[in-house]
Amino acid sequence: IVFDFGREVIGRFELEISTSDGTIVDIGHEEQLAQGRLQVAHETANGERYDFADRYILREGRQLVGNSLMERGFRMVQIVLRNLTGPATIHHVRAIDRRYPLDLKAAFHCSDPLLDQIWDACVETLSVCTTDVFTDCPWRERAFWVNDLVVENLIALQLSGDQALSARALQMAFSEPASNGLINGVCPCPTEGKKEDWLAFPATNLFMVLVLKDYFMHTGDVALLREFLPKIRRILEEFSRYADARGLVNFPMEYWSFFDWSYERNGHSLSGKTSAPLNFLYLIALKTYEKLSLEAGD
């Protein structure tokens with residue numbers, strides 16, 4: 001049975017059902033149909049597997065079934081009942097949206113309906129990617145990727161002026177630095193069996209001073225600025241270790257020099273190279289740090 005809720009949901013699917021002992025309910029989550037059904041197993045080009053289904057083995061009688069430990073993203077839900085030894089009655093289904101309650105202060109309207117629709121789609125995209133922090137997406141990878149914050153933070157502040165959400169994102173991002181001061185690209189980051197900064201993207205670490213600047217410019221929060229500037233300084237000091245005689249930085253090959261997918265998807269990598277994008281960003285970060293230090297009274 002397929003249920004279409006008509007819009008993207010980030011949260012919980014809830015099924016109330018009466019059935020026999022041992023009945024299996026498989027619940028798949030997706031955003032579109034594939035030949036009338038939901039495709040809940042996907043494989044990426046480099047062989048990574050993603051599965052978007054949960055399995056529940058039920059007791060006899062009436063009960064509530066659904067995810068409770070982590071949000072699921074979906075527009076459509078497919079349920080499959082297996083191992084039935086008696087009748088099953090579905091009493092109700094519902095989608096419970098748990099996105100962050102952004103109170104929109106900004107609006108856009110013009111004479112071109114297409115531009116209005118693009119605005120609405122962008123606002124909805126940010127909204128459905130926001131729970132207690134910004135996430136990569138509601139469906140495939142519901143994780144806080146720190147590099148995305150350079151866009152999400154600024155747009156959320158412009159849309160709503162919500163200071164608490166951006167402050168929490170910054171606090172999380174800076175909460176688990178490696179001993180060299182660098183922060184990993186995803187938070188929280190699994191490090192068991194790996195070096196502590198195995199997922200530290202050089203560009204992402206430089207983004208953080210720009211994110212902090214945007215936050216301060218929209219909130220005037222000097223206390224938070226003073227709290228995180230020493231962490232920014234530690235990052236910039238680590239960068240200076242990789243500068244050559246000309247002052248240009250080049251991180252070792254072990255660090256993924258990720259900027260955006262346009263390089264990767266076209267067969268290019270900036271890892272281990274002295275690149276203009278990283279060095280321009282390094283210069284911008286240094287100048288921004290200097291200006292923010294003056295604002296903080298340092």
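**Exercise 1. Find which residues Thr191 touches beyond four places in sequence.**

Step 1. Locate the residue. Thr191 lies in the loop between β10 (186-187) and α4. Helices (H or I, at least four residues) and strands (E, at least two) are DSSP runs, numbered from the N terminus.

Step 2. List the partners. Leaving out residues up to four places away in sequence, Thr191 touches Asn184, Glu196 and Trp198. Contact means heavy atoms within 4.5 Å.

Step 3. Thr191 has 33% relative accessibility and counts as partly exposed. The classes are buried (under 20% relative accessible area), exposed (over 50%) and partly exposed (in between), with a 1.4 Å probe and protein chains only.

A note on the model: it is predicted, so local features need pLDDT of at least 70 and side-chain atom pairs count only at pLDDT 80 or more, while totals for chains, interfaces and linings use all residues. Residues are numbered from 1 along each chain as its sequence is written, and side-chain values use heavy atoms, with hydrogens and water left out.

**Exercise 2. Describe the protein as a whole.**

Step 1. Count the elements. There are seven helices and ten strands.

Step 2. The C-alpha trace spans about 75 × 45 × 35 Å along its principal axes.

Step 3. Turn to burial. The protein has 298 residues, and 45% of them count as buried.

Step 4. Look at contacts between residues at least 6 apart in sequence. Of these, 73% join residues at least 24 apart.

**Exercise 3. Name the elements behind the largest nonpolar core.**

Step 1. Start with the members. The largest nonpolar core has 52 residues. Such a core is a set of buried Ala, Val, Leu, Ile, Met, Phe, Trp, Tyr and Cys residues joined through side-chain atoms within 4.5 Å. Phe144, Leu170, Leu206, Met208, Leu212, Ile232 and Phe239 touch the most other members.

Step 2. Assign the elements. Two or more residues each come from α1 (113-128), α2 (149-160), α3 (163-173), α4 (202-219), α5 (222-240) and α7 (276-295). The largest share, ten residues, is from α4.

Step 3. Zoom in on one member. Apart from neighbours within four places in sequence, Leu170 is in contact with Met208, Val211, Leu212, Tyr215, Leu224 and Phe228.

Step 4. Look elsewhere. Another core, of twelve residues, lies apart from this one and includes Val9, Leu15, Ile27 and Phe74.

**Exercise 4. Examine the salt bridges.**

Step 1. Side chains of opposite charge can pair when their charged atoms come close. A salt bridge is a side-chain nitrogen of Lys or Arg within 4 Å of a carboxyl oxygen of Asp or Glu. The structure holds 21 salt bridges.

Step 2. Take Arg72 and Asp54. Their side chains meet at 2.6 Å, N to O. Arg72 is in strand β7 (residues 72-82) and Asp54 in strand β5 (residues 53-57), 18 residues apart. Both are buried.

Step 3. Take Arg99 and Glu124. Their salt bridge is 3.1 Å, N to O. Arg99 lies in the loop between β8 (89-97) and α1, and Glu124 in helix α1, so the pair ties together parts that are 25 residues apart in sequence. Arg99 is buried at 16% relative accessible area, whereas Glu124 is partly exposed at 28%.

Step 4. Widen the view. Shared partners join Arg7, Asp97, Arg99 and Glu124 into one salt-bridge network.
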